[in-house]
Amino acid sequence: MAELRSTLSRYLDADRSISKVANLEQISRNTVTYRVQQALSVCNHPEGGPTTRLRVALMIYEWLAAAD
């Protein structure tokens, strides 16, 4: 799950650029695509839909994890 969250967060920060995330994480574009699709599936979020709630959820998770 940590990899999915990380990849999804970078994907959203990179304006949904799979190639930018692949370069940042030094993984293949196929891996990025798979992880993003898996993360969106887990969240029951439609691909291409608004990402505001996803971004907020990721920020809250990071904030809570840092508080531990």
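How are H1 and H2 oriented to each other? In this predicted model, the axes of H1 and helix H2, residues 18-25, lie 9 Å apart at an angle of about 130 degrees. Angles over 145 degrees count as roughly antiparallel and those from 65 to 115 as roughly perpendicular, with the range between them left as oblique. H1 and H2 are therefore oblique to each other.

The crossing of H1 past H2 is right-handed. On the H1 side the residues involved are Ser 6, Thr 7, Arg 10 and Tyr 11, and they meet Ile 18, Val 21, Leu 24 and Glu 25 of H2. Sorted by class, this contact of H1 with H2 holds 4 nonpolar, 2 polar and 2 charged residues.

H1, which spans residues 2-13, also packs with helix H4, residues 52-67. Here the angle is again about 130 degrees, and the axes of H1 and H4 are 11 Å apart. H1 and H4 are therefore oblique to each other as well.

The handedness of this second crossing is left-handed, as H1 passes H4. H1 contributes Arg 5, Leu 8, Ser 9, Leu 12 and Asp 13 to the contact, while H4 contributes Leu 54, Arg 55, Leu 58, Tyr 61 and Glu 62. The contact of H1 with H4 comprises 5 nonpolar residues, 1 polar residue and 4 charged residues.

Taken from the side of H1, then, Ser 6, Thr 7, Arg 10 and Tyr 11 face the contact with H2, and Arg 5, Leu 8, Ser 9, Leu 12 and Asp 13 make the contact with H4.

Definitions and conventions:
Residues numbered from 1 in each chain as written. Predicted model: local features only at pLDDT ≥ 70, side-chain atom pairs only at ≥ 80, totals over all residues. Heavy atoms only, no water. Axes fitted to C-alpha atoms, helices over the stretch in contact; angles between N-to-C directions. Helix = DSSP H or I, 4+ residues; strand = E, 2+ residues; numbered from the N terminus. Parallel < 35°, antiparallel > 145°, perpendicular 65-115°, else oblique. Left-handed = near helix turned anticlockwise from the far one by under 90°. Contact = heavy atoms within 4.5 Å. Nonpolar A, V, L, I, M, F, W, Y, C, P; charged D, E, K, R; others polar.
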